[in-house]
Amino acid sequence: MKIIHIVWSFRFGGIETMLVNIINEQLKLNNDVHLIIIEDSAVEPTLLKSFDERIKIHYGHRKEKGNLIFPVLRLNLLLLKLNPNVIHIHSSSMYRIIMVPWLKKVVNSTLHALPNTVNTVAIKNVPQVFAISESVSNSLKNKYGVDSIVNPNGIYPENIKKKVNYNNIFQIVQVSRLQHENKGQHILLEAAAILKQRGYKNFRITFIGDGESRSFLENKVKTLNLGGYVEFLGKKEQTYIFEHLCDYDLFVQPSIHEGFGLTIAEAMAAKLPVIVSSGQGPEEVIDYGKYGYVFENGNPSECANKIEIFLKHENNPFQIEEAYRRVLDLYDIKVTVNTYMNKYLRRI
């Protein structure tokens, strides 16, 4: 099967990392897989190195946010030349720049986040839509009347080092883009300040990731007098994260808006206990508290209460192994890709 994935850009992020894994797995199944990047100036080289050498990468040669006329022409000529069985776009707005009628019929799109006016452009016209979680799918249906196929993002559990030893100082980790309006890192910092006020000093928090909120969060550390309790490691490659998640004792995802939460599944695969915020994708990943702990979305005190369970050694130790088995059953990349392949066949 000839499959073409199309993205606007290919910078470091959860969607891009996930797409590397999906494409590599599709190649293992002996498909002819291509990736078209419209804005070739917006590319993370380290991600490109992660691809199987059989991937065929093409560029639209659009300057970032520049004129689309010539890139669109190049895209459609390339699509005609390649004659794909499947086109998989990772932003529904791309449907509008595929001009050839018969090519439009083989388009699939994945909604990678909770729906809004930006990420649902033209989505009603896309022949087949995937959603990365039940939360995303339900929201898409309720807000825009669009049906979708739920296909959770996947990981390679076997590539993630498993936790064996525990630390003398309790180590908490959070992995995501530093964008506190959505990811809620400030809530975790406020929870840490509450724990410190309660007399707990034997814990540390590490943030892995970078983004526009880093200065805000670093200033908040100073304001909350958390110097020595918090560390910012910055952006790290996937291989580093898979090797070092096991160095921590607890994973906390305090997201305010989150469609799925791939890093939660990664933490579960590393056999870390997890705490997540309520109401959206992260809570779904842990089956609403069955495979982890949930605190009220946006509530630092509730977040602190859940962390305190671990500091007092009152958490359920059996939950960790059960969560690991859930990852193997639902969030293995092979399961994700098999679902895509089976659903593609319906459109051919």
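Visitor: Does Tyr293 count as buried or exposed?

Guide: The relative accessibility of Tyr293 is 14%. Buried means under 20% relative accessible area, exposed over 50% and partly exposed in between, with a 1.4 Å probe and protein chains only. At 14%, Tyr293 therefore counts as buried.

Visitor: What kind of model is this, and what do its values rest on?

Guide: Residues are numbered from 1 along each chain as its sequence is written, and side-chain values use heavy atoms, without hydrogens and water. Local features need pLDDT of at least 70 and side-chain atom pairs 80 or more, while totals for chains, interfaces and linings use all residues, for the model is predicted.

Visitor: How many aromatic pairs does the structure hold?

Guide: Rings of Phe, Tyr and Trp (its six-membered ring) pair if their centres lie within 6.5 Å; planes under 30 degrees apart are stacked, over 60 edge-to-face, the rest tilted. The number of aromatic pairs in the structure is 7.

Visitor: How many residues apart are Phe130 and Tyr340?

Guide: These two rings form an edge-to-face pair, 4.7 Å centre to centre with 75 degrees between the planes. Phe130 is in strand S6 (residues 128-131) and Tyr340 in helix H14 (residues 333-347); helices (H or I, at least four residues) and strands (E, at least two) are DSSP runs numbered from the N terminus. Both Phe130 and Tyr340 are buried. The pair links distant parts of the chain, and the separation is 210 residues.

Visitor: Which residue forms one aromatic cluster with Phe130 and Tyr340?

Guide: Phe130 and Tyr340 are both buried. The cluster that holds them also includes Tyr344.

Visitor: Which class does the pair of Tyr293 and Phe310 fall into?

Guide: Tyr293 is in strand S13 (residues 293-295) and Phe310 in helix H12 (residues 300-311), 17 residues apart. At 3% relative accessibility, Phe310 counts as buried. The ring centres of Tyr293 and Phe310 are 5.2 Å apart and the planes are at 75 degrees, so the pair is edge-to-face.

Visitor: Over which ring does the charged end of Lys163 sit?

Guide: A charge sits over a ring if NZ of Lys or CZ of Arg is within 6 Å of the ring centre and within 35 degrees of the ring normal. Lys271 lies over the face of Tyr324, 4.7 Å from the ring centre. For Lys163, the distance to the ring centre is 4.7 Å, and the ring is that of Tyr166.

Visitor: Which residues does Asn21 contact, leaving aside its neighbours within four places in sequence?

Guide: Asn21 lies in helix H1 (residues 14-28) and is buried, with a relative accessible area of 4%. Contact means heavy atoms within 4.5 Å. With those neighbours left aside, the contacts of Asn21 are Gly154, Tyr156, Gln238 and Ile333.

Visitor: How far apart in space are Phe232 and Ile264?

Guide: Phe232 lies in strand S10 (residues 230-234) and counts as buried at 15% relative accessibility. Beyond its neighbours within four places in sequence, Phe232 contacts Leu178, Phe207, Arg214, Leu217, Glu218 and Val221. Ile264 is 32 residues from Phe232 in sequence, and the C-alpha to C-alpha distance is 19 Å.

Visitor: What distance separates the C-alpha atoms of Gly66 and Glu39?

Guide: Gly66 lies in the loop between strand S3 (56-59) and helix H3 (69-82). Gly66 is partly exposed, with a relative accessible area of 24%. Glu39 is 27 residues from Gly66 along the chain, and their C-alpha atoms are separated by 8.9 Å.
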